[in-house]
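Good morning, everyone, and thank you for making time for this. Please have a look at the sequence and the structure on the screen, and keep them in view while I talk.

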Amino acid sequence: MGHVKYIGAGEAADYLNLTDRRVTGLCRSGEIKDAVREGKKWMMPEEEVIAYARSRNTRGREDSAGLRPCAVGNTSYVDVIRDCYYVDKTLLIKELVDDKSMVTLFTRPRRFGKTLAMSMLKTFFERTEEDTALYFKDKKIWSCGKKYRELQGKFPVIFLSFKDVKYNNWADSMEAIRLVLRDEFRRHSELEHSEKLDGADRDFYQRMVRGTLSSVEYSRSLLYLTKMLAAHCGEQVIILIDEYDTPIQQGFIKGFYEDVITFMRNFLSGGLKDNDELLFGVLTGILRVSKENLFSGLNNLSVNTVLDTKYSDCFGFTENEVQGMADYYGKPEKMDEIRAWYDGYRFGSREIYNPWSVSSYFYNDCTAKNFWVNTSDNEILRNLMAAITPELAEELISLLQGRRVSTQINTEVIYPGIADGPDAVFSFLLLAGYLTPERVPEETDIGTFADLRLPNLEVRRVYNTEILSWIKGRTSPNAVSQVEKAIYLNDAERLKEALRNYMLTCASSFDGAAEGFYHGMVLGLVASLSSRYYIRSNRESGEGRFDLQLEPKQKSLPGVIMEFKAAGAKDAGRLPELAEKALRQIEDHAYKTEMQQRGIEKIVCYGAAFSGKKVEIRVG
């Protein structure tokens, strides 16, 4: 340890008037610089302990125990490090500098620290009248060397956030984008009268502020602002665009997708493609949105997704970072609960915690509940569910029951294509944070394959509130209740009546519906039984594939097998015959085999035949 005097946690605790546990938490979280671990003990430079003691009076809000609150909802880097507990993610700066990529796009789920990271980048690189180095001198980036310190506060920065562009039509959305651009121009008010700009540039600036630019000029405004800043400052420009795909997602949901894609393509290409004044650019979002040629010709775009190892610990919290928070707040015994609720994500090869939820957990006195799902509406998820098929619904239910789904992953899935088959659906759910790989995905010559699962208890609640409830929501609560009761009572007549009443009162027309339609309808009606049954459809058993199977989780309950038939209106009179045929098929093809091999002794079989809004049921 050289000539530096190191002291242990006990001595530091006496000096700081804190508990040993609190001091250990400060070491884990990096609050006391250059602390090192020797075996099970922490040793700290005495001068750093003294520096921390001096800073406690100027470091912002602390509670009666001297603890700083978690930052929940605050995405300003400066505000957070002044007033709140901060998990140091400044090494993102080093990785970006070392990469030398011209444009980097980070795709991560919402509320995984993207906006705070972008604010940190802006604060570090932007040249301002304030000495912003003081916000980094006690952070990890500062000890990385002179090469990185010399970049601090040196460059003009353009910072745009489209996170609030959520409107129901293109006119209002474009107006919101105009205001975002106007505010960023105003933030660089030195340009209005800069003698280093010509008259045309100053006129463009003034017309932007007045809101009188043409639509073409707005689409070129990122390029113009870059060139004006470079001319005024004599340095290349950094462009940071946070949540670039929010207006694109809104356009897809609300029906103005082509309008927003056309604008964003011209806007982004102008600033990021073949721009000699660009030092580098960073964008964040949920999806890549590439196949629309949004980044047409941008051959220097580097895309980093949840599957990539690089930058895997720059968004979200690692195990050590959460352990440091638990120690800091004196709650190390809560780690098991935190893991169960908010851990479980895999970014690259790293296990990652949801940072929003972990911070909210500590902010709310360590009360475990759903935080992430309530941070925004889940309309895109509900749009996704509109294209559900019986097979997809069955796989979603199986996820809720703790099983995995195997799928090919497409990290370039686009909004209009998110419902194009199970692979697209599961790829979107992965990128959006609703699923995570069980292990590192397998790369093959025909694509990327992965076993996906629910990350944790919190996301399981999402499936209950958004996915499973949507499946159930396609039916009336009374119909669900009556179907449940009929199954529990082994009552074929009650089941027939429940299905018949549902179809009679349903607003949709059942005329001409195929067997798969009725299959999906019944699957939705029984989805609420997933707490007591493993629900499977179209699986092999015996000598064929059953339509629907309910395998009881407790052997005291009966197993259920259903087989469906459908007939056109002219054959509606044959429904009793078709129901009998469906029932015989269960027996003839030995569909009971799978459950019998698992020790299920009582199995009730239903043959159901449908035509329009008519139904016949046979039980065996």
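I will go through a pocket, a helix, some charged pairs, the cysteines and some aromatic rings.

Before anything else, please keep in mind that this is a predicted model.

Rolling a probe the size of a water molecule over the atoms shows where empty space is left. In the second largest pocket, that space comes to about 780 Å³. The pocket is lined by 35 residues, and those closest to its centre are Arg28, Ser29, Gly30, Asp88 and Lys140. The elements that contribute two or more residues to this lining are α2 (20-29), α5 (91-99) and α14 (319-328), and the largest share, five residues, comes from α14.

Now to helix α12, which spans residues 246-254. Is this helix largely enclosed by the rest of the structure, or largely open? Seven of its nine residues are buried, so α12 is largely enclosed by the rest of the structure. The buried residues are Thr246, Pro247, Ile248, Gln249, Gln250, Gly251 and Ile253. Phenylalanine 252, by comparison, is partly exposed, with a relative accessible area of 24%. Just after α12 comes glycine 255, which takes a positive phi of about 95 degrees.

Next, the charged pairs. Side chains of opposite charge can pair when their charged atoms come close. Across the whole structure, a search finds 30 salt bridges. Because glutamate 126 lies in the loop between α6 (114-125) and α7 (146-149), while arginine 187 belongs to helix α8 (residues 170-187), the pair ties together parts that are 61 residues apart in sequence. Glutamate 126 also meets lysine 122 in a salt bridge, at 3.3 Å from N to O, and a network of salt bridges links Lys122, Glu126, Glu184 and Arg187.

A further salt bridge joins the side chains of arginine 439 and aspartate 451, at 3.0 Å from N to O. This pair links distant parts of the chain, with arginine 439 in the loop between β12 (436-437) and β13 (442-444) and aspartate 451 in strand β14 (residues 447-453), 12 residues apart. Arginine 439 is partly exposed at 48%, and aspartate 451 is partly exposed at 26%.

What about the cysteines? A disulfide is a covalent bond between the sulfur atoms of two cysteines. In this model the count of disulfides comes to zero. Cysteine 27 is buried, with a relative accessible area of 5%, and cysteine 605 is buried at 2%.

Finally, the aromatic rings, which form 29 aromatic pairs in the structure. Phenylalanine 252 and tyrosine 257 have ring centres 6.4 Å apart and planes at 80 degrees, so this pair is edge-to-face. Tyrosine 342 and tyrosine 361 also form an edge-to-face pair, at 5.9 Å centre to centre with 65 degrees between the planes. Tyrosine 342 sits in helix α15 (residues 335-342) and tyrosine 361 in helix α16 (residues 355-363), 19 residues apart, so the pair links distant parts of the chain. Tyrosine 342 is buried at 0% relative accessibility, and tyrosine 361 is buried at 0% as well. Ring pairs link Tyr85, Tyr328, Tyr329, Trp341, Tyr342, Tyr361, Phe362 and Phe371 into a cluster.

Notes:
Residues numbered from 1 in each chain as written. Predicted model: local features only at pLDDT ≥ 70, side-chain atom pairs only at ≥ 80, totals over all residues. Heavy atoms only, no water. 1 Å grid on protein atoms, 1.4 Å probe; cavity = no way out; pocket = protein on both sides within 12 Å on 5 of 7 lines; lining within 4 Å. Points joined across faces, edges and corners; volume = space filled by probe spheres on them. Helix = DSSP H or I, 4+ residues; strand = E, 2+ residues; numbered from the N terminus. Buried < 20%, exposed > 50% of the residue type's maximum accessible area, 1.4 Å probe, protein only. Salt bridge = Lys/Arg side-chain N within 4 Å of Asp/Glu carboxyl O. Disulfide = S-S within 2.5 Å. Phe/Tyr/Trp six-rings, centres within 6.5 Å; stacked < 30°, edge-to-face > 60°.
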